[in-house]
Amino acid sequence: MSSITHLGALCREGRLKEAIQILITTDHLPEDSRTYLQLLQACIAKNALSEGKMLHSFISARGFTFATHTCLQNELISMYAHCGSLVNARNVFDHMTERDPTGVQPDQFTFASIVPACANMGALEQGMDIHQRIIDSGFLSDVVVSNALIDMYAKCGSIHKAHELFDKMIQRDAFSWTAMIAGYAQNGLLDEAFRLLNTMLERNSLQDAHKMGFLKGPWRFSSKCNWQV
């Protein structure tokens with residue numbers, strides 16, 4: 001078994017430190033980006049920020065550029081965001097947007113990775129800046145991106161902005177409704193949360209409520225659509 005094949009196997013088994021050690025000691029860096037994706041995904045699974053930083057620095061120092069691989073940059077942002085390092089996630093994002101317009105640019109997956117980092121850190125100002133970049137890039141119509149923005153504004157206490165985004169969505173999915181309902185509840189607006197939940201049931205079905213967990217746990221449902229916690 002080659003060292004690179006062994007590295008991939010270790011990633012799948014969750015043996016991250018061993019995998020990185022093999023990468024550091026190998027004579028030739030793999031040219032296939034899938035190897036690095038496996039390593040970054042292993043960092044996410046292990047919540048291994050230090051290993052993720054080491055991997056990012058080592059690969060860059062050895063001459064492999066992330067700049068021409070959107071999928072790798074997205075995974076880097078996801079790794080840093082998942083591990084709670086908004087600064088590093090934002091740095092990777094900013095380097096993407098500062099490139100020549102003809103080069104690799106952020107896509108909907110990039111934005112869907114960086115926005116939750118802002119939400120989890122309560123970074124409203126940075127989230128608003130990312131929101132503007134989403135508008136400028138033409139990705140606001142993407143449902144996943146809009147859902148992430150709604151969740152970010154709600155978690156940052158700007159429920160009016162979340163409501164504004166939700167109302168303007170042309171297309172919504174079950175996660176759109178859930179983000180808005182949960183946002184109301186998180187901000188102490190239980191009447192609004194219940195009202196929107198009933199609206200979701202009227203427009204959709206009980207299946208969505210079951211799917212998103214509103215018919216179990218702290219939520220209780222009566223035959224008259226009265227919701228209580």
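This is a predicted model: local features need pLDDT of at least 70, side-chain atom pairs count only at pLDDT 80 or more; totals for chains, interfaces and linings use all residues.

Trainee: Okay. How many helices and strands in the chain?
Mentor: The chain has 13 helices and 2 strands.

Trainee: And what share of the residues counts as buried?
Mentor: 47% of the 229 residues.

Trainee: What about contacts in the chain between residues at least 6 apart in sequence? What share joins residues at least 24 apart?
Mentor: That share is 57%.

Trainee: Which residues does the "repeat: PPR" annotation cover?
Mentor: According to UniProt, in an unreviewed entry, residues 107-141, 142-172 and 173-207.

Trainee: What does the chain look like over 107-141?
Mentor: That stretch is 80% helix and 0% strand. Its end C-alpha atoms are 12 Å apart.

Trainee: And over 142-172?
Mentor: There the chain is 74% helix, again with 0% strand. The end C-alpha atoms are 10 Å apart.

Trainee: Now packing. At what angle do helix 11 and helix 12 pack?
Mentor: About 160°, with the axes 7 Å apart. Helix 11 is residues 174-186 and helix 12 is residues 190-203. An angle over 145 degrees counts as roughly antiparallel, so that is how helix 11 and helix 12 are related.

Trainee: Left-handed or right-handed crossing?
Mentor: Helix 11 crosses helix 12 in a left-handed sense. From helix 11, the contact uses W177, M180, I181, Y184 and A185. Helix 12 brings L190, E192, A193, L196, L197, T199, M200 and R203.

Trainee: How do the residues of that helix 11 and helix 12 contact divide?
Mentor: Into 10 nonpolar, 1 polar and 2 charged.

Trainee: Let's jump to the other end. How do helix 2 and helix 3 cross?
Mentor: At roughly 150°, and their axes come within 10 Å. Helix 2 covers residues 16-25, and helix 3 covers 33-46. The angle therefore makes helix 2 roughly antiparallel to helix 3. The crossing of this pair is left-handed.

Trainee: Which residues make the contact?
Mentor: L16, A19, I20 and L23 come from helix 2. Y36, L39, A42, C43 and K46 come from helix 3. The contact of helix 2 with helix 3 has 8 nonpolar residues, no polar ones and 1 charged.

Trainee: What about helix 2 and helix 4, parallel or antiparallel?
Mentor: The two pack at an angle of about 15°, with axes 11 Å apart. Helix 2 is therefore roughly parallel to helix 4. Helix 2 passes helix 4 in a left-handed crossing.

Trainee: Who touches whom there?
Mentor: Helix 2 contributes L16, K17, I20, L23 and I24. Helix 4 contributes E51, M54, L55, F58 and I59. By class, the contact of helix 2 with helix 4 has 8 nonpolar, no polar and 2 charged residues.

Trainee: Why flag that?
Mentor: Because most residues other than glycine have a negative phi.

Trainee: Where does N47 lie?
Mentor: In the loop between helix 3 and helix 4, which runs over 49-61. N47 is partly exposed, at 46% relative accessible area.

Trainee: Last one. S158, buried or exposed?
Mentor: S158 is buried, at 7% relative accessible area. The cut-off for buried is under 20%. S158 lies in the loop between helix 9 and helix 10. With residues up to four places away left out, S158 touches L124 and Y153.

Conventions:
Residues are numbered from 1 along each chain as its sequence is written. Side-chain values use heavy atoms; hydrogens and water are left out. UniProt positions are given in the numbering used here, feature names are shortened, and annotations may be inferred rather than shown by experiment. Helices (H or I, at least four residues) and strands (E, at least two) are DSSP runs, numbered from the N terminus. Axes are lines fitted to C-alpha atoms, for helices over the stretch in contact, and angles run from 0 to 180 degrees between N-to-C directions. Angles under 35 degrees count as roughly parallel, over 145 as roughly antiparallel, 65 to 115 as roughly perpendicular and the rest as oblique. A crossing is left-handed if the near helix is turned anticlockwise from the far one by less than a right angle, and right-handed if clockwise. Contact means heavy atoms within 4.5 Å. Ala, Val, Leu, Ile, Met, Phe, Trp, Tyr, Cys and Pro count as nonpolar, Asp, Glu, Lys and Arg as charged, and the others, Gly among them, as polar. Buried means under 20% relative accessible area, exposed over 50%, partly exposed in between (1.4 Å probe, protein chains only).
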